[in-house]
Amino acid sequence: MATKSDLRARLSVKNTKGNIGALLGSGLNSNIINNTAYTAPFNGPGKPLIRTNGIIFPYTPNISVAHAVEYSSYELVHTNYQQNAYGKTRNPQIQVTGVFTSQTPAEAAYTVGMMHFLRVVTKMDWGESPAATGFVPGTPPPVLVFSAYGTYNFQNVPVLVQGFNFVYEDGVDYVEVTVNDQTVQIPSLMTVAIDLLPQYSPAKQQEFNMDSFSRGDGYRRGFI
């Protein structure tokens, strides 16, 4: 089936302004989401992901979404049924499981970049860093953006990477590739599972309007 636009599942950097490649070339390695760019995961082996501004799943992944609402019950005696009081609606839990193949040097480099990207975006800044690099010790992992399959599915949902899992399978061939002047071996077929946690800032939550959401407009603002 032909599509009007590229609606593949993707995990992108949030609020990127400017050309990442040009910023990296200028020596800027900022781990702060600001008016310039968040470029940290695109350094070193992450460079192949510059052109996609993050991870694009090359094959249709499995996406599991769990919604939950918390209620507390009134403990009334001598009743067959208890009343339930609404407590809160939990953030949906999202798990994306996809396959990455490495049949060509370009595909292999992209897989290595994907692995590097996930490792970087799940780390806080720590240790000593020259002030000129823009790294600030203590800065938590960044909020990213998840999109897939158009407006009424997932559109620019702000998320944190809560966890991820790589499977180095023993029943596939391993290919050798040189990335960032380093030679590595990776499986020609790798399954990756990523747990995402929606992260709406207090300011973002103020944008929520039940009437707007019920009409479908809220999806364009990243709500699900």
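Let's start with P141, which lies in the loop that links α2 (105-121) and β7 (144-148). Helices here are DSSP runs of H or I with at least four residues, strands are E runs with at least two, and numbering goes from the N terminus. This is a predicted model, in which local features need pLDDT of at least 70, side-chain atom pairs count only at pLDDT 80 or more, and totals for chains, interfaces and linings use all residues. Residues are numbered from 1 along each chain as its sequence is written, and side-chain values use heavy atoms, with hydrogens and water left out.

P141 counts as partly exposed because its relative accessibility is 32%; buried means under 20% relative accessible area, exposed over 50%, and partly exposed in between (1.4 Å probe, protein chains only). Beyond its neighbours within four places in sequence, P141 is in contact (heavy atoms within 4.5 Å) with V121, T122, K123, M124 and L160.

## S12 in its strand

Now over to S12, a residue of strand β1 (residues 10-13). S12 counts as buried because its relative accessibility is 10%. With neighbours within four places in sequence set aside, the contacts of S12 are N53, G54, L144 and V145.

## The chain as a whole

The chain holds four helices and 11 strands. Of its 224 residues, 37% are buried. Taking contacts between residues at least 6 apart in sequence, 65% join residues at least 24 apart.
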